[in-house]
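Please keep the sequence and the structure in view while reading.

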Amino acid sequence: MALATNARARARVGLGGMGPFLFAAAAMFTAMYSTQAILPELGRDFSVAPSQTGLTVSVVIGALAVGA
């Protein structure tokens, strides 16, 4: 009986511990791709080519890859 209780307690802690991790992961991906929706406006406002505005996303992903 004690083994079953310990297993349930560990499962509860595991799920509770995953919540902040999943929230942080979602926040990271949101921040990484946040400029993607406004790339056309960035290009018009700063008078740059679409390939240059795309660098706003590419540089962040490259920095993440180097950091990992």
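With which residue does Arg 44 form a salt bridge, and how far apart are the closest N and O atoms? The partner is Glu 41, and the closest N and O atoms lie 3.7 Å apart. The model discussed here is a predicted one, and it holds one salt bridge. Both partners belong to helix H2, which covers residues 39-46. Because Arg 44 and Glu 41 are three residues apart in that helix, about one helical turn separates them. Arg 44 has a relative accessibility of 58% and therefore counts as exposed. Glu 41, at 36%, counts as partly exposed.

**Overall architecture**

The protein chain contains four helices and zero strands. Read from the N terminus, its elements follow the order α-α-α-α. The chain has 68 residues, of which 9% count as buried.

**A nonpolar patch on the surface**

Which residues form the nonpolar patch on the surface? They are Met 28, Phe 29, Tyr 33, Ile 61 and Leu 64, and together they have about 420 Å² of accessible area. At least two residues of the patch come from helix H1 (2-32), and at least two come from helix H4 (55-67). Leu 64 has its place in helix H4. With a relative accessible area of 38%, Leu 64 is partly exposed, because this value falls between the limits of 20% and 50%.

**A residue of helix H3**

Is Thr 53 buried or exposed? Thr 53 counts as buried, because its relative accessibility of 6% is under the limit of 20%. This residue is found in helix H3, which comprises residues 50-53. The side chain of Thr 53 reaches the backbone oxygen of Pro 50 at a distance of 2.8 Å. When residues up to four places away in sequence are not counted, Thr 53 touches Leu 39, Leu 42, Gly 43 and Val 48.

**Accessibility of the residues discussed**

The table below gathers the values for individual residues.

| Residue | Relative accessibility | Class |
|---|---|---|
| Arg 44 | 58% | exposed |
| Glu 41 | 36% | partly exposed |
| Leu 64 | 38% | partly exposed |
| Thr 53 | 6% | buried |

Notes: Residues are numbered from 1 along each chain as its sequence is written. This is a predicted model: local features need pLDDT of at least 70, side-chain atom pairs count only at pLDDT 80 or more; totals for chains, interfaces and linings use all residues. Side-chain values use heavy atoms; hydrogens and water are left out. A salt bridge is a side-chain nitrogen of Lys or Arg within 4 Å of a carboxyl oxygen of Asp or Glu. Buried means under 20% relative accessible area, exposed over 50%, partly exposed in between (1.4 Å probe, protein chains only). Patches are made of residues with over 30% relative accessible area and no salt bridge: like charges are joined within 9 Å, nonpolar side chains (Val, Leu, Ile, Met, Phe, Trp, Tyr) within 5 Å. Accessible areas come from the Shrake-Rupley method with a 1.4 Å probe; for residues, only the protein chains shown count as cover. A polar contact is a pair of N or O atoms within 3.5 Å; within protein, one must be able to donate a hydrogen and the other to accept it, and residues adjacent in sequence count only if both atoms are side-chain atoms. Contact means heavy atoms within 4.5 Å.
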